[in-house]
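Dear colleague,

Please find below the structure that I am handing over to you. My notes on what was found in it follow directly after.

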Amino acid sequence: MSPTRWDFPVELCCRPMAFVTLTGLDVVYNAVHRAVWDAFCANRRADRVPISFKVLPGDHEYPKCRSKRTSYEWYIPKGILKTGWMNKHLNLVPALVVVFYELDWDEPQWKEKQSECATRVEIVRQSLQGRNTKVAVVLIQKKAPLPPGEDVIASERAAALCNVCELSGKSLFVLPHTDHLVGYIIRLENAFYEHAQTYYYTEIRRVKSHKEFLNKTTHQICRLCFQHNTPLDAIAQFRKHIDLCKKKIGSAELSFEHAAWMSKQFQAFGDLFDEAIKLGLTAIQTQNPGFYYQQAAYYAQERKQHAKALCNHDASVTYPSPDPLETQTGVLDFYGQRPWRQGILSFDLSDPDKEKAGILAIQLKERSVVHSEIVITLLSNAVAQFKKYKCPRMKSHLMVQMGEEYYYAKDYTKALKLLDYVMCDYRSEGWWTLLTSILTTALKCSYLMAQLKDYITYSLELLGRASTLKDGQKSRIEKNLMNVLMNESPDPEPDCDTLAVKTAQKLWADRVSLAGSNVFTIGVQDFVPFVQCKAKFHAPSFHVDVPVQFDVYLKADCPHPIRFSKLCVSFNNQGYNQFCVLEEASRASEVLENLTQGKMCLVPGKTRKLSFKFVAKTEDVGKKIEITSVDLVLGSESGRCVVLSWQGGGGDAASSQEALQAARSFKRRPKLPDNEVHWDSIIVQASTMIISRVPNISVHLRHEPPALMNEMYCLVVTVQSHEKSQIRDVKLTAGLKPGQDANLTQKTHVTLHGAELCDESYPALLTDIPVGDLHPGEQLEKTVYVRCGTVGSRMFLVYVSYLINTTVEGKEIVCKCHKDETVTIETVFPFDVAVRFVSTKFEHLERVYADIPFLLMTDVLSASPWALTIVSSELQLAPSMTAVDHLESQVDKVVLQTGESASECFCLRCPSAGNVEGGVATGHYIISWKRASGMDSIPVIRTVITLPHVIVENIPLHVNADLPSFGRVRESLPVRYHLQNKTDLVQDVEISVEPSDAFMFSGLKQIRLRILPGTKQEMLYNFYPLMAGYQQLPSLNINLLRFPSFTNQLLRRFIPTSIFVKKLAIEYLGRRGDSWMTPLLLLRDDQDQPSVFRQRPQGSAYETHCDLEL
């Protein structure tokens, strides 16, 4: 029997398809028939029905059917399942035979053609005698058929043809050879598939009638369950099958066969599962094909173990002759039978010698099987599945098993590659026991291949704290490691193959004799060596005038004290490497001697501290000094040595996890002597910053906040030296601190010259302004002017740097010191300006009228906490505006305190309204100002305020009045009204005057007149006041016949409606006859200053006279 005897037959592994034969097609010489055949077979998509087609002649001989048994009583079977049974029903016995015949419904020779077709059908039935295979007829026609019921001849002839051929109407089909051939073919396929299913259902019922003799094929059932998307049923069926068969081992001498059979079952189910997933089934982490491949590998390993125990015959045992595993035909009649006892129905061994010879032959055949390859293939399939479904731990576990199988197969290179790959996962998760087992196997592989670097690396880790080996095993490994470093061959690793050890010893001897690279640099960040290292700077930063100091802590975890030869610390600036080297000369034989003297000798469990210091370079000020690596040399560089290299400040693959556990631990640490420290308490500090020397100067800022927008703000910087020696090259940097909003940078300008205004060309920060040298105690002042174009907070920086000579560790260096001060200055508006448009009566105006004078009022309110001086003001009118009188500043040299305001009034006129949307521009109001406390040299600031636009409207009639500023009671008050026509039309004006109780008047009370375009008309009235105080004037009413919208309310905007009337000069006369002095006369002049005269008492001899000018 061949090693592939456990493979499933091809018929069982393929997808079951209905077998349909096609007869009557000449696919070689007939183009129409060839096109029909291509449509059936070529480019079949997955969505078409599963049918296997084959073209056969009409008289093809099919397998003959044996006579059916009516009873199985006294029937003794020769086996369970014949080897050719599945192939016969899948590829030899069709479910449907289709007879193709070219025949149209309008065929002239219909009778002859009909008889010929019936003859062909009868020939097919005779060749299928005894079979339940279905027969169908397809008529190939040239014309497309008419809709059903319309072609009467076709219906009649179809019925006649079915009657002659003894067919049902469902078994007769028509295939028109038109452009839509593929569509017709697909419809035919579906009909064929229904007939085939009917045949197979009939066969199933026939077989089920004898179900007590039925052998269920689990593989096919599981395949069908997967195809019908019921994976749980497939899994349940497979588990039932395994539970039934896993304990039926059979002959103990051939127990490896049962293990091989079980392995094949799991492998086959895994293949089915994977195939279903590729077709769209969804699997999950806990249920995927990987578990079945894994179990298949487990039984393959069990098979290997059984074979190793049962097939270890002596070399003298020969293969039996004749070969008991050969048969006359080369194949077995039934599955599962022994070749030497085919047809034997009982387990009684009629020929024990032949049985023994057969068992021996199977055992000797099994001995030639490479079991490791089988196991590795199955494990590889399982790994691929677990990787696909993101099961990293299962993947790593199986990769370890693969590595071990490669080791057993003596493929040490692949074994080492796999084991090395999974070690990282076990290190990171802290599976130390598993890691130790893997490392042990890896060490054997590296020994058997004489790989020096790998052997040294695994030895270093097996000696470390992560290894769970006993001290005796560690001592052996440590001894072998030292032998390798002394250029000697190590002792063989235990439990290695004898032949492989002999080969390895020869390789090691060659390694010793050949002069190759003797320095092995091993980066320890990815594994856990037997030496731990931590580097720690004394401080996170050092001043440049102070030596940089750091310590390197070492701790050994090996069984015995060990001596290293050299320690080197490397930095990102390689110029410091030369100051951090520690070296002790020793012979190679002294590495493991029990010597505790010397700095480089490490005692297990004890922490060794090594201190270093160096002077930083001045050009490294502001830079970070980092420890890039710590190298520890074991052995002699002149001989063979190992360089253990830690990246950064130390730490290996287990350090981070151990540090986390130590931080979470509440266990109290034991007290140690003063010269020792707890290893867990040491924190790696692998970098430090070099900062400048501490400055010994003072920097003071003097200013008057807040700053006013656009002013030249004065900031006085005072620098005083407190150094003991002269400082030189003093430089000043002042201005806006970098890193703030970009808008602030664009609107802030700094200069040293305050006599001129800054513009946009000035920077926001002045850098490296030289100010000379300073002697001890000397000070200097520098004035900086800042102009802020927007309000808000700004942070200003004043940075002073200088050079000074100093001595560090006997070495003189030039230090650059600096000191900076920052100050936040708020910028505010100096004042608020309010602008109003009012009429000549000081009434608020929403709009003005063309060519009518109005007033522009400006109010400047000081918002500064400091006094402001308004140097001057200026009104720049737009072209659309003109001044009624001369424009002069009314606030020159005015000083405003906080909250005070200064107002100005300008009389303006807009000559024409025009057609301007949004109003007419007024112009600009310019205020020239400065701080009242500012120096004379500081320039005046000009603040330009854009005046608001005003809406201008035309008015048809303008009225203004000329009248005195006040009147007197009982004195004539002349009033003159001027009416001006502002249109191009003659205006008809109705004028009326309504009387007032406070006045009598003379003049036209009501009049109607016409005013020509652009001309004026005057109306004169004499008003006679009757009462003092503010009195309502007689109301002038005007009605424009052409402009009814001109109202009296609009009219009253232009003329006064009231006037102040003063009292009569003689206001009060006292009574005579009083016995005391009473006021006689009260006079008021134009300045309202009263003059009081008193009369004498009654009977006095004098009188009082007063001449009054009325």
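Lysine 246 is partly exposed, with a relative accessible area of 36%; buried means under 20% relative accessible area, exposed over 50%, and partly exposed in between (1.4 Å probe, protein chains only). The side chain of lysine 246 meets that of aspartate 243 in a salt bridge at 3.6 Å, N to O. A salt bridge here is a side-chain nitrogen of Lys or Arg within 4 Å of a carboxyl oxygen of Asp or Glu.

Please note that this is a predicted model, in which local features need pLDDT of at least 70, side-chain atom pairs count only at pLDDT 80 or more, and totals for chains, interfaces and linings use all residues. Residues are numbered from 1 along each chain as its sequence is written, and side-chain values use heavy atoms, with hydrogens and water left out.

The structure holds 30 salt bridges. One of them joins the side chains of aspartate 47 and arginine 45 at 3.3 Å, N to O. Aspartate 47 is exposed, with a relative accessible area of 57%, and arginine 45 is exposed as well, at 52%. Arg44, Arg48 and Glu189 are linked in a network of salt bridges.

Another salt bridge pairs the side chains of arginine 836 and aspartate 859 (3.5 Å, N to O). This pair links distant parts of the chain, 23 residues apart: arginine 836 lies in strand S27 (residues 831–838) and aspartate 859 in strand S29 (residues 854–862). Strands are DSSP runs (E, at least two residues), numbered from the N terminus. Arginine 836 is partly exposed, with a relative accessible area of 36%.

Yours sincerely

Note on methods: Helices (H or I, at least four residues) and strands (E, at least two) are DSSP runs, numbered from the N terminus.
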